[in-house]
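Biologist: I am new to this structure and would like to learn how to read it. Could we go through it one feature at a time?

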Amino acid sequence: MDSNTEENWILFTDLSFVNNTNISFTAMGSETTNGLMTFGHWFTRIHGYASLFTCIFGIFTNLFNISILTRKDMWNPTNCLLTWLAVSDILTMIPYIPFSLHFYCIHNFDEISQEKFSRGWTTYMLVLVNLAATTHTISIWLGVSLAVFRFTQLRTTAKGPLARMRSMRQVKYTTVLVYILSTLCLIPNYLTNEVVQQKMDSNITIYVLNDLKLATNETKPIVLANVLSYAIVAKFIPCALMIVFGGSLLYSLGIKGRHRRTRLSAGQPPAKRGTKHSKTTKLLLVVIILFLVTEFPQGIVIFMSAIVPNFYKSVYVPLGDFMDFLALVNNAINFVLYCSMSNQFRSRFLEMYCNKRRGFKYTNKFSFTYSLSSFTKTTVIDSLKR
């Protein structure tokens, strides 16, 4: 690292902002040479392009998810939740593309300039910080809703159209509540972050997000309460609920698996409906696990940044871009999971976008056999009439 780049890294450290979302800039001074900072410095160089590709891929694949899951033959309570999860993921990734282009691709990651940190772009960053916090909160609570709903669905004995309509109504109410309450709970977060003007030694004026001075004597009580409540309400509590209900789903899946093996050993065929439900449960378990892998570590880092001195600069800052990227991957990967784990979803995708119908050979064979039998039947009737 040459002297100019080194100075910019030090300046970038001074300009680094503290917020309680995943969006952050990686800033390292010349004195930080440990492995974590080295990794953060390396990943920041590729973060812009990696995030750009992930967002573009994720936006298109989530549009595929929405178009397939909302089909009449696919529409059910579980897919309703997955559809609104896809909407939340899209709302996360669309505004991240201009942010990634401007701050990582068009301008160097260690560049400090008026063009990069103009009032307009810093205000856009502020909007993105608040929007990302909201959409991540919505997504994780929709994940909790999936786990809870699936758990209750496996335990209920109510079947039929009326039970299905009641479940759909409950899911719609739950989705609306998640979107509204997630937004309302983050109002303190919206009020905490703000754009401030800062003059540099090179006689240039730039705009940055205010430093919240976490884990210092200058931390405001309302700021500390806001960050801790965000970590608890948007990270720890939903992750704990997903562990509880996800574990219950895993236990139920094990019981159903034993029953299925018992039926097979007795020479009885497995129930098709039970097999389909098991596949759906496995898919939801994978979605829940991905939430836990990406969200729980973020909650720990946010919580520790608020109470441990220098934890933000020594841990959160070098890992910020990497945590951003993991969250974006989690937003974009559901389509791959659905295609790999759901035969019905994969068939509908091939039918809608690849002009392929699964089992068309069998359909044609059936149609030919049916036509032949109809022709034979008609011929016999005509001969009898004569």
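**Reading the model**

Modeller: Alanine 215 sits in the loop that links β2 and α8. Helices (H or I, at least four residues) and strands (E, at least two) are DSSP runs, numbered from the N terminus. The model is predicted, so local features need pLDDT of at least 70 and side-chain atom pairs count only at pLDDT 80 or more, while totals for chains, interfaces and linings use all residues. Residues are numbered from 1 along each chain as its sequence is written, and side-chain values use heavy atoms, with hydrogens and water left out.

Biologist: What is the phi of alanine 215?

Modeller: Most residues other than glycine have a negative phi. Alanine 215 is not a glycine, yet its phi is positive, about 60°.

Biologist: Is alanine 215 buried or exposed?

Modeller: Buried means under 20% relative accessible area, exposed over 50%, and partly exposed in between (1.4 Å probe, protein chains only). Alanine 215 has a relative accessible area of 18%, so it is buried. Asparagine 310 also has a positive phi, near 65°, and lies in the loop between α9 and α10 (311–332). At 63% relative accessibility, asparagine 310 counts as exposed.

Biologist: How many helices and strands are there in the chain?

Modeller: The chain has 13 helices and two strands. Two strands pair if DSSP finds at least two bridges between them. Here β1 (residues 195–199) and β2 run antiparallel, joined by five bridges. The hairpin has five residues between its strands, and in it asparagine 203 takes a positive phi near 60°.

Biologist: How many residues of β2 are buried?

Modeller: Four of the five residues of β2 are buried, so that the strand is mostly covered. Leucine 209 belongs to this strand (residues 205–209) and is buried, at 3% relative accessible area.

Biologist: Which residues have the most contacts inside the largest nonpolar core?

Modeller: A nonpolar core is a set of buried Ala, Val, Leu, Ile, Met, Phe, Trp, Tyr and Cys residues joined through side-chain atoms within 4.5 Å. The largest one has 37 residues, and Leu82, Leu142, Met242, Tyr338 and Phe345 have the most contacts inside it. Elements giving two or more residues to this core include α2 (35–69), α3 (77–93) and α5 (119–155). The greatest share, eight residues, comes from α5.

Biologist: What is leucine 82 in contact with?

Modeller: Contact means heavy atoms within 4.5 Å. Leaving aside neighbours within four places in sequence, leucine 82 touches Leu69, Leu146, Leu284 and Tyr338. Apart from this core lies another, of 23 residues, among them Phe103 and Ile112.

Biologist: Which residues form the nonpolar patch on the surface?

Modeller: Patch residues have over 30% relative accessible area and no salt bridge; nonpolar side chains (Val, Leu, Ile, Met, Phe, Trp, Tyr) are joined within 5 Å, like charges within 9 Å. A salt bridge is a side-chain nitrogen of Lys or Arg within 4 Å of a carboxyl oxygen of Asp or Glu. This patch consists of Val176, Leu177, Ile180, Leu181, Leu184, Ile187 and Leu191, with about 670 Å² of accessible area together (Shrake-Rupley method, 1.4 Å probe; for residues, only the protein chains shown count as cover). Five of its residues come from α6, which gives the most. Leucine 191 is in helix α7 and is exposed, at 68% relative accessibility.
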